[in-house]
Amino acid sequence: MKSMDSMPDLPETLPLLALRNRVVFPQMALPLYVGRERSVAAIETAFHGDGLILLAAQRDDKIEDPRVEDLYETGVIASVIQLFRLQDGTLKTLVSGLARVKITDVVQEEPYYRVSFTQQKSVEPTHTEQELKVLVTQVKEIFGKIVRKGNKLPTEILSALDQISNPTQLSNVIMGQFAASYDVKKSQEILEMLDPGQRLEKLLVLLNEELDILSDEIKLKNRIRSNMRRNSGLAGAGKPEEMPPEVDELKQEISELEERIFQQKLSDEAREKAIKELRKLKLMAPMSAEAAVVRNYLDWILALPWDLNSEDNLNIIQSQSILDEDHFGMEKPKERILEHLAVQSLSNRVTGPILCFTGPPGVGKTSLARSVARACGREFVRLSLGGVRDEAEIRGHRRTYIGAMPGKIIQAMKKAGTSNPVFLLDEIDKLSSDFRGDPSSALLEVLDPEQNKAFNDHYLDLDYDLSKVLFIATSNSLSSIPWPLQDRMEIIELDGYTEWEKLSIAVKYLIPKQLERCGLSEQSVTFTEGSIKSIINHYTKEAGVRSLERNISSVLRKCALKTVRGTMEINSEHRIKSTSIPTWLGKKRYNFGIPEGGNTTGVVNGLAVTVFGGDLLVAEASTVPGKGNLSLTGKLGEVMQESARTALSCVRSRSSAFGLDVDFHDKVDIHIHFPEGAIPKDGPSAGITIVTAIVSSLLQLPVHSDLAMTGEITLRGRVLKIGGLKEKIIAAHRSGIRRVLIPRANMIDIEEIPPKVLSQVTIIPVDTVDEVLTHALDQSQMRKKTVFSNTPVDWRT
């Protein structure tokens, strides 16, 4: 028979957790309470690592801090499914046994034991196949009698057991049910047995003993009940027999549950399932474990909002006002929400859209989702997906597991209390996966409008309608989100804020908010426009406004301290000016790009977009006599290096037009450098910048310092469209640039640029490299000799 207790690709060492009064078997899931320091360190390391830990039982449970030699050598590798910290500092964890192992060596002792091990695979049984089948049948039969007589185990386990024919798997499952009640030595003896047949024989002995004990208990209970009835009859004839208190409580609870089942709005499937479970509960002993499981299941069904919708706010003007009140800009997501409300007001469809806000950190994706809920008049629930790597977190655990619960989706719906909340799936790009499943695959059903009307949670095992929920996901990057998941969402990109947008946000939102937090009045402290710009440009480098808010808060806290000390009057107006910012926040931390002071040979102002917004990207080119080598420095990415080679080939193809010898490239070494070499740079948009720098250096012609450029270059000298034009033009304006060369194909993006910037920067569209050089090079120095040619240079001809 095939072994069921081995695992491939295990690590060589694992953290070790010592167990008291408990032996864990493979295929056994159970909760553990961990309080010892060494044990806490081991379980936390395992949970935040690969999720695996080695469990071994103590020989003596009285030892408080056991060493490895105080433990049994044979243990079980388990996966850590869940981990919670309780109020008293104790950790509650749910583990699931995977495979038998034997500890071989200790490789680490502090802060927890880490041990090496070997797997203990089942050996070939000494019994014949027919003998094994007989043992399997006998074990199932005795176990079934215990389950039916005892009322301590769920009867559903018998149907699951009927599907098991493997002796190893059968013994693991049954010992998982009785390990807590058996003596550690008896359980450990079975765990260490490697012959499946011998394991079943020993298990059969233990089950027969358990059945005998159970039979004696039943006989004793019947005898006591009979004596009670007899005494009750002698004491007072005709008086009804008094029921134990727990029976009365259960009857009352069943009556309340029955009333709720028929009064609440449930789906037909949910009501039918609830009635069926209630019938089971009536037949169970009040204090049995199965009764608690059924009661918990019914509570979950009745706590969910099956058809309880909050009324949407369909007043478009009011919704627009709420969105504008909470957030500056963000026109695209605001318009999309208003479109949804408009469609809903004109039609009877209530299907919620599935949106994904993607953009850099700090631009307000999460807070915008809260604002959307307020504008729509819906409840708001948030589920953080960062670090989630277990599919059961989304879909829940099946009820056969001890301590099973619904997944996070159903839990959030219970918390919302309505069927149509705004549901935020925060940091959806931070999902991960391991051997426990892929949560992103489980989300495919949640975020599919054609499927989520019948979402099936493993715990409930019922179809739940999520089609009315307005799902909003947030991410910093789309690259880590699986394509099938992206396909189910409507992607709305949120760009980083420009300097003017940050200025408006600071004035309208951040400063009033921080003044209130610091206990200052709006009249006591005011910021000038220059001071806010100084903080934005010299003390923050971000796409959002989190760091800006922290710096404003820092200034106001210092004002509050001065007020308390008496060095600043409470009611007097104190203006924060740009010249005084260094006294409040210290020396400048960042400098935005500053162009060269005069026209310089081989130095060109390029433009780039980073995660923090637009910036000036200076390109330098130097040519020296050599053998035709091309050097590229400045931590350039692969695309940018290819762009540099394309630029050089473009220049070589025009050598005659530039008055250069045909073989000039064999006589010179060209070095292209982008300053700030520690910062990675990539992308094709520096193509025309590199061409201009090379030509300027070869012809010894200076480049206008008041001009910047951006555009991709082709081998034929054509200038292609680029992205991030808005951020680049704003960066040029901030750096004092007065003229910017852009691809003509980008003229359609000009409308996105603030009018204030366009009034001070001249945009020059170009199609070819010849147009670029005409505008960029200092034409007053056009006719001169070069060190690489004996002919006058006039490339314009």
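Biologist: What should I know before we start?
Modeller: This is a predicted model: local features need pLDDT of at least 70, side-chain atom pairs count only at pLDDT 80 or more, and totals for chains, interfaces and linings use all residues. Residues are numbered from 1 along each chain as its sequence is written, and side-chain values use heavy atoms, with hydrogens and water left out.

Biologist: How many cavities of 30 Å³ or more does the structure hold?
Modeller: Three. A cavity is a set of points, on a 1 Å grid over the protein atoms alone, where a 1.4 Å probe fits but cannot get out. Points are joined across faces, edges and corners, and volume is the space filled by probe spheres set on them.

Biologist: What volume has the largest cavity?
Modeller: About 310 Å³. Its lining has 21 residues, where lining means an atom within 4 Å of a point. K502, F612, G613, G614 and R734 lie nearest the centre.

Biologist: Which element gives the most to that lining?
Modeller: α23, with four residues. The elements giving two or more are α17 (499-517), α18 (529-538), β18 (613-625) and α23 (725-734). Helices (H or I, at least four residues) and strands (E, at least two) are DSSP runs, numbered from the N terminus.

Biologist: New topic. How many aromatic pairs are there?
Modeller: Three in the whole structure. Rings of Phe, Tyr and Trp (its six-membered ring) pair if their centres lie within 6.5 Å; planes under 30 degrees apart are stacked, over 60 edge-to-face, the rest tilted.

Biologist: Take F423 and F471. Why is the pair tilted?
Modeller: Their ring centres are 5.4 Å apart and the planes are at 35°, so the pair counts as tilted. F423 is in strand β9 (residues 422-426) and F471 in strand β12 (residues 470-475), so the pair ties together parts 48 residues apart in sequence.

Biologist: Are F423 and F471 buried or exposed?
Modeller: F423 is buried, and so is F471. Buried is under 20% relative accessible area, exposed over 50%, partly exposed in between (1.4 Å probe, protein chains only).

Biologist: And I337, where is that?
Modeller: In helix α11 (residues 331-346).

Biologist: Which residues is I337 in contact with, leaving aside neighbours within four places in sequence?
Modeller: L355, V372 and C376. Contact means heavy atoms within 4.5 Å.

Conventions
On a 1 Å grid over the protein atoms alone, a cavity is a set of points where a 1.4 Å probe fits but cannot get out, and a pocket is an open set with protein on both sides within 12 Å along at least five of seven lines; lining residues have an atom within 4 Å of a point.
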